[in-house]
Amino acid sequence: MAKATIKEVAAEAEVSTATVSRVLNDSGYVSEEIRERVLEAVAKLNYQPSAIARSLKQDKTYMIGVIVPDISNPYFMGISRGIEDAVGAEGFQLMFCSSDENPEKEGRLLQLLREKRVDAVVLATAGGNDETVKALSESGLPIVLVDRKLGTETGGAGVLDLVAEDNEEGAYRLTGRMLEEGHVRIGVVNGPARVSTGRERFEGVLRAMRERGLREKPLVYNGAFSTEDGVRAVRKFLQADPNPTAIVSLNNRMSLGVLLEIVRSGLRIPEDMAVASFGEVEAISLLRQPGFYYIDQHPYDMGTRAGEILLRRIRKERAEEGPAIEIFRNEVNRIG
């Protein structure tokens, strides 16, 4: 069955197509009688306005692109839900994309979102696309960085809006707790250095050790924020002589792999190997008295804040202001 056209609606209601458009877009004066006739014709013909035509006319698609490294990660799911709740009431929908921590794929996704004419982009970057991101921003596309900065942005400042955590300080305090427990030989599971979270969190670890007079560098495994990286890290650490007595894992997915491999190896947590994580791991509740330290995170709140900034940029409110920088401070918690 062919879709009804605006001309057919106009003919059914005995009005012009311009009048139908005014009714549907709620723009301009239309008498109540004519409005009712148009709406009755729309209902009778089951007319569906063209989203493409409407977006061309309004210069808006009401679509926001969201690129994260792993949409299945609960942390990024929480951020995405916060964004959705913030912008959904204004009629915006989200187009989700996973870069899989692959800079080349992220570059292709950025180009795709530009071709789809999204109204804005939220980006948790995998790194390596600084110039592309800045060029898109300079072309007028609102971009909010979430969780991660561009490689050239340091100290929380930059040319783009940013919603992130205080990564260095969080890792510093997390490592400090392990040192206070008496651990001096520590294994660190870190992410890639091309990503700001990897660089900043590792610097927090080193700062905590330096301030306590520990000159020896920790054992380090650099992964890509995956569960498998946590597994591989534990295997590497158990081959060291002597073994570390504690592991500081700087990402929740890697922390899950660390816990799985420690248990699989027959070791006890924390008696044989203590674990601290940047981010909570739900599976820890399965262990009895794990003595597990973790940095709490607030992904939903970060998402809602990013969504609020986006709406302000799309509306061009306070456009003359500099970038909005929101840094969330996290606390160290203990389970067991």
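**A walk through the predicted chain**

The protein chain has a radius of gyration of 26 Å, whereas a compact globule of 336 residues would come in near 20 Å (taken over C-alpha atoms, with the globule rule being 2.2 Å times the number of residues to the power 0.38). Along the principal axes, its C-alpha atoms fill a box of roughly 85 × 40 × 30 Å. Keep in mind that this is a predicted model, where local features need pLDDT of at least 70, side-chain atom pairs count only at pLDDT 80 or more, and totals for chains, interfaces and linings use all residues. Residues are numbered from 1 along each chain as its sequence is written, and side-chain values use heavy atoms, leaving out hydrogens and water.

What is the chain built from? It has 12 helices and 12 strands (DSSP runs numbered from the N terminus: H or I of at least four residues for helices, E of at least two for strands). Of the 336 residues, 51% count as buried (under 20% relative accessible area; exposed is over 50%, partly exposed in between, with a 1.4 Å probe and protein chains only).

Now for the rings. The structure holds 3 aromatic pairs (Phe, Tyr or Trp rings, the six-membered one for Trp, with centres within 6.5 Å; planes under 30 degrees apart are stacked, over 60 edge-to-face, the rest tilted). One of them is the tilted pair Tyr62 and Phe92, 5.0 Å centre to centre with 40° between the planes. Tyr62 lies in the loop between helix 4 (51-58) and strand 1 (63-68), and Phe92 in the loop between helix 5 (74-88) and strand 2 (93-98), so the pair ties together parts 30 residues apart in sequence. Tyr62 is partly exposed at 27%, while Phe92 is buried at 8%.
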